[in-house]
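Subject: Structure handover

Hi,

Here is the structure I promised to pass on to you. My notes on what was found in it follow below.

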Amino acid sequence: MKQILSVFMKRLAIALVAMALMIGSLLFVRGEGMLIGALLLGYLAALVFVWNMAWRLWRLTYVQSGGKRQMLWGMALRMLVLFLVLLVVVTISIPVFLVTALGFLVCF
């Protein structure tokens, strides 16, 4: 199982890097190179989102009780992180918000 997951994670990482390079180069060609940081911020938010979800599930395998509370708490934290990131970028500008949301959706 470890070998299968290792291959899957490598392919996933390569696909995510390829998508980031394609979207980043498109932004650069359109003259919007300053939005590449927003794209990376969206990727980072999605990685925190997914990491928190995986960590909570892994932790539930060792907890005998309180699983529902753990999952609800994790969901609340993930939504809070996403809300805060998107709130900050929407106050900067609408294009930054759109690129950050695109980066989040692509990575997620």
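The largest pocket holds about 230 Å³ of space. For that search, a 1 Å grid was laid over the protein atoms alone: a cavity is a set of points where a 1.4 Å probe fits but cannot get out, while a pocket is an open set with protein on both sides within 12 Å along at least five of seven lines, and lining residues have an atom within 4 Å of a point. Grid points are joined across faces, edges and corners, and the volume is the space filled by probe spheres set on the points.

The lining of the largest pocket consists of Met9, Leu12, Ala13, Leu16, Val17, Ala20, Tyr43, Leu47, Val50 and Cys107. Helix H1 (2–29) and helix H2 (36–60) are the elements that give two or more residues to it, and H1 gives the most, with six residues. Helices here are DSSP runs (H or I, at least four residues), as strands are (E, at least two), numbered from the N terminus. By class, the lining has ten nonpolar, no polar and no charged residues; Ala, Val, Leu, Ile, Met, Phe, Trp, Tyr, Cys and Pro count as nonpolar, Asp, Glu, Lys and Arg as charged, and the others, Gly among them, as polar.

Before you go further, please note that this is a predicted model, in which local features need pLDDT of at least 70 and side-chain atom pairs count only at pLDDT 80 or more, while totals for chains, interfaces and linings use all residues. Residues are numbered from 1 along each chain as its sequence is written, and side-chain values use heavy atoms, with hydrogens and water left out. The protein chain averages a pLDDT (the predictor's confidence in each residue, from 0 to 100) of 84, and 93% of the residues score at least 70. Confidence is lowest in H1, at a mean of 83, and highest in helix H4 (residues 94–107), at 90.

Now to the aromatic rings. Rings of Phe, Tyr and Trp (its six-membered ring) pair if their centres lie within 6.5 Å, with planes under 30 degrees apart counted as stacked, over 60 as edge-to-face and the rest as tilted. The count by this rule is four aromatic pairs. One of them is stacked: Trp51 and Trp55, with ring centres 5.9 Å apart and planes at 10 degrees. Both lie in helix H2, four residues apart, about one turn of the helix. Trp51 is exposed at 54% relative accessible area, and Trp55 is partly exposed at 30% (buried means under 20%, exposed over 50%, partly exposed in between, with a 1.4 Å probe and protein chains only). Phe104 and Phe108 are stacked too, with centres 5.6 Å apart and planes at 5 degrees. Phe104 is buried at 9%, whereas Phe108 is partly exposed at 48%. Phe49, Phe104 and Phe108 form one aromatic cluster.

Which residues does Gly42 touch, not counting residues up to four places away in sequence? They are Thr100, Gly103 and Phe104, where contact means heavy atoms within 4.5 Å. Gly42 sits in helix H2 and is buried, at 0% relative accessibility.

Leu35 is in the loop between H1 and H2 and is buried as well, at 6%. Leaving aside neighbours within four places in sequence, Leu35 contacts Leu27, Pro95, Val96 and Val99.

Best wishes
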